[in-house]
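Student: I would like to go through this model and ask what the terms used for it rest on.

Tutor: Here it is.

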Amino acid sequence: MTGAKVTTELTQPTAASAAPETPRPRLSVIVPLYNEQESIRPLYAAIVQALGDIGCTFEMVFVDDGSRDDTAEIARQIARFDSRLRLVKFRRNYGQTPAMAAGIEHARGEILVTMDGDLQNDPADIKHLLEQIEAGYDIVVGWRHNRQDKLVTRKIPSRIANVLIGKVTGVPIRDNGCSLKAFRAELIKSIPLYSEMHRFIPAMASIAGPRVAQIRVRHHARRYGQSKYGLSRIYKVLLDLMVIKTVTTFASRPLRWFALLSVPLFLGAFGLLSHTFITLLTDRGQLSLPLAGTGIIFLASGTILLCSGALAELIYSRGDIRDNEFFRLTQTIQRHRGDVAKARPTQPVTTLS
């Protein structure tokens, strides 16, 4: 995250600040936090215990999303005696996606794991995510198969949204709302996140052709505090879904998208203006100014859309984002005899029990 709206505070022990930068850890666990003062200590202990059993080097990046309680202070106290914990603090609340994006930006690990800070995700499942990353997958998505949430306000809307998202994006994820996910750092750091986009990371990454797996993970009932989400987020998800569909389908062909949008306008303009000209030529009636004006407006709007598409094509052709750049992010190069490089082929989403 960059810009004036996000102010970060990286908290590490005083002695470590004067020492040389530590080697890059294998794993970074990113946890957005908002008013989770009761959860943060048991969450920290659970993560340390779970990752200690794995045996790889790791760090924790806690992102305080403008909490109004003692969440940031407790995290700061923990960071004073454990250099593996880094605190990123926002001046005010911006939402889960900006917090997650800030954590991803500051994470240094080769593999990034995101999870909620309310203890509903189980850190013990991280090892199962890592197993799939080690097996060759680029993104591993958690699936809360026994979700401990309210039926009407959380579970039913989520099921409907997951089906809709899968149909629209073509990426059949069972549980897009589950924050427990694992990514290869070189992939996730190149995906822009804003609004509610953290739910659509697999769909956004589909441009790069990654290997995506989804596995069952445990889900616990909330022990402390209250849920930060409700039915009010539905319209944001729907709007973001439209953006995702546009980006993933027409990112490299913007002119085609604008041309499709302009077709109804040109058809309407052709019909209305034809009626106007026929009326003038045959002199069978008086000129209808409303119809003629509407036809001119449709024609101008269609022309503006086409010009916008041409401008988008120019921006894309001159910009830094390319399809081959996305594909490069999920490419594993293996050197063989003769120094021949082979890329790992991509596969669709795989569901694992």
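Tutor: A polar contact is a pair of N or O atoms within 3.5 Å, where one must be able to donate a hydrogen and the other to accept it. Keep in mind that this model is predicted.

Student: What makes the pair Gln 96 and Asp 116 a polar contact?

Tutor: The side chains of Gln 96 and Asp 116 are joined at 2.9 Å, and the limit is within 3.5 Å.

Student: Why is Gln 96 called buried?

Tutor: Buried means under 20% relative accessible area. Gln 96 has 12% relative accessibility, so it counts as buried. Gln 96 lies in helix α4, residues 96-106.

Student: How do you know that the length of helix α2 agrees with its number of residues?

Tutor: The expected span is 1.5 Å times one less than the number of residues. For the 15 residues of α2 that gives 21 Å, and the end C-alpha atoms are 21 Å apart, so the two agree.

Student: Why are the buried residues of α2 said to line one face of the helix?

Tutor: Ile 40, Leu 43, Tyr 44, Ile 47, Ala 50 and Leu 51 are buried. Seen down the axis of α2, the buried residues fall within an arc of 140°, and therefore they line one face. Gln 49 and Asp 53, on the other side of α2, are exposed. In general, an α-helix has 3.6 residues a turn, so residues three or four places apart point the same way.

Student: What makes β1 and β2 a pair of strands?

Tutor: Two strands pair if there are at least two bridges between them. Seven bridges join β1 to β2, residues 58-64, and the two run parallel. Val 31 stands opposite Phe 62 in β2. From β1 the chain passes through helix α2, residues 40-54, to β2 in a right-handed β-α-β crossover.

Student: How many bridges join β1 and β4?

Tutor: Four bridges, again in the parallel sense. Leu 27 stands opposite Ile 111 in β4.

Student: How do you know that both faces of β1 are covered?

Tutor: On one side Leu 27, Val 29, Val 31 and Leu 33 are buried, and on the other Ser 28, Ile 30 and Pro 32 are buried.

Student: What can be said of helix α10?

Tutor: Its 29 residues should span 42 Å, and because its end C-alpha atoms are 42 Å apart, this agrees. A kink of about 35° lies at Ser 262 in α10, shortly before Pro 264. Ser 262 is one of the buried residues of α10.

Note on methods
Residues are numbered from 1 along each chain as its sequence is written. This is a predicted model: local features need pLDDT of at least 70, side-chain atom pairs count only at pLDDT 80 or more; totals for chains, interfaces and linings use all residues. Side-chain values use heavy atoms; hydrogens and water are left out. Buried means under 20% relative accessible area, exposed over 50%, partly exposed in between (1.4 Å probe, protein chains only). A crossover is right-handed if, with the strands pointing away from the viewer, the path from the first strand over the helix to the second runs clockwise. The bend at a residue is the angle between axes fitted to the seven residues ending there and the seven starting there. The arc is that of the directions from the helix axis to the C-beta atoms.
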